[in-house]
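Please have the sequence and the model at hand while reading.

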Amino acid sequence: MPKYLLLKHYRGGPEPHRPVPPMDQWAPEDVEAHMAFLRHVSELLEENGEYVDAQALTPTRTWVRYGGPDAAPVTTDGPLPETSDLVAGWYMIDVESHERAVELAAYVSSEPGPGGKPLYEWIAVREVMSEGPSDG
Amino acid sequence: MRALVPGVLAGLVRRGEDFDAAEDALQEALMEALRVWPEHPPRDPRAWLATVATRRLIDARRSEAARHRREEATYAEPRQAAIEVGDDTLFLLFCCCHPDLAPASQVALTLRAVGGLTTREIADAFYVPEATMAQRISRAKRSLQGRRLDQPGDVAVVLRVLYLVYMAGHTGPATRVDLAGEAIRLARQLTLATDEPEVRGLLALMLLNHARLPARLDPEGRIVTLDRQDRGLWDTREIAEGVRVLQSALSMQTEERPPGRYQVEAAIAALHDDAAVTEETDWPQILAWYDDLVALTDDPVRHDPAAVLGRAVAVGHVLGAAAGLRETNRLREVLGERHRWHAVRGHLHELSGDLPAAAVAYAEAARGATNVAERDHLVRRAARARAAELHEQSSH
């Protein structure tokens, strides 16, 4: 079965379908509903036997490159930190098909936002390359 | 069965066996015990493990000897045992917490060689693949090869390793392996081997914090802060033991030897545990202990900022939120980027009634958090502070 990463972003991606303020500015009950939904998604994936991994990333990002012989690594926060994509976390799933991955991504995107209405968040779906030769 | 591990392993190492090989042989003996004991329980389990591990060691050496004949002679004359150290556990802890090892290796080796956990269990507890943990352990053992393991080690390093194990279990999500319980078990064994008051201080500190663990998360896994915890869920038996252990440590203090940091932190934990309701918390006493804690370090702002930050909270409760905030200002340069600094300031702003400032500080803290449960908790507090502020505005 193919594995997919469903990537959530702090920023970047297509124009937001529904622009919302940061979560710390939502009504407390909306924050609770949102977090409860995300817990429910993990449980659902586990029950379905589709769960592989889920992780969240902190928003701090450092770009690093080799500095050359005998030189320290070169680091930067990025040329345009406010406009580039910034990944917030992922679900890794093991599913029957690409269609199922898209279906689950859309379900994640229906997570409740302010007012309990869906967030319509863009989710990036990426297939994970397998290691060995393919069956076909 | 795991309780037998330190004794058997220490016996093999003292006899002159190589630590690395002895540890591997004992792991194999434990695997065999799991298979054999249910149907054929041994009369003397410890002797059984020692015999099987020894047989494994001889087998390993024989196959090696087949390749290098000359080594047979070396085996015939086992090295003289190193100096006798009073207790097996202490002896092994000094081996595993060798100062040349990195903290992650000290922790892994301690859990396997002293705690008797399998590599799989340790890997699960720290969320790394089993092969990664196996590699970490074998590298650690290899770097111990050729080191003299006959010098008494540094108890302070052992205590730090046990506290790392405890914290991994206390703050991490629930795993199949109870790391916090394991750290307490090892510290309890260590108190039997040495009279060092700080060993009791650490045991007391862990017991007094562990007692509150059942109240720390709600059924949905959300963090519940100390002031909102259901104190009926606290383990009173564990608190009583912690207080008893702490008292026995404090009774050993002298003019020249004031209580060390674990005893002081345990005293602070005991005062929190002592309050039947949060309003009864004896903040002046807590502040007095924090004064002792920061006095243990030269330039505490730079060398023990966590203690200064904890003290700022106590100052806020005793002398007022503004005084507490002034204390946190001293840490801005050292801790200003850390989420805990912002979280404490959020709490102090809330205490002073400045809800907009509290919301900003909690939101900043949430952005810096490195733990999902803590991040979610801080987002909630920011949202709650903001909502309370809006509610106040609309009612005026």
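## Contact between the chains

How many residues of chain A are in contact with residues of chain B, and how many of chain B with chain A? In this predicted model, 11 residues of chain A are in contact with 15 residues of chain B. On the side of chain A that touches chain B, helix H1 (residues 28-48) gives the most, with 3 residues. By type, the residues on this side of chain A comprise 8 nonpolar, 2 polar and 1 charged.

## Overall form of chain B

Chain B contains 22 helices and 0 strands. Its C-alpha trace spans about 90 × 45 × 40 Å along the principal axes.

Of the 396 residues in chain B, 39% are buried. When contacts in chain B between residues at least 6 apart in sequence are considered, 61% join residues at least 24 apart.

## A helix pair in chain B

Two packed helices are described by the angle between their axes and the distance between the axes. For helix H15 (residues 283-295) and helix H17 (residues 305-319) of chain B, the axes come within 9 Å and cross at roughly 155°. H15(B) is therefore roughly antiparallel to H17(B), as the angle is over 145 degrees. The crossing of H15(B) and H17(B) is left-handed.

From H15(B), the residues making the contact include Trp283(B), Ile286(B), Leu287(B) and Tyr290(B). Among those from H17(B) are Val308(B), Gly310(B), Arg311(B) and His317(B). The residues of the contact of H15(B) with H17(B) divide into 12 nonpolar, 2 polar and 1 charged.

Notes. Residues numbered from 1 in each chain as written. Chains lettered and ligands numbered in written order. Predicted model: local features only at pLDDT ≥ 70, side-chain atom pairs only at ≥ 80, totals over all residues. Contact = placed C-beta atoms within 7 Å. Helix = DSSP H or I, 4+ residues; strand = E, 2+ residues; numbered from the N terminus. Nonpolar A, V, L, I, M, F, W, Y, C, P; charged D, E, K, R; others polar. Buried ≥ 20, exposed ≤ 12 C-beta atoms within 10 Å, placed from the backbone. Axes fitted to C-alpha atoms, helices over the stretch in contact; angles between N-to-C directions. Parallel < 35°, antiparallel > 145°, perpendicular 65-115°, else oblique. Left-handed = near helix turned anticlockwise from the far one by under 90°.
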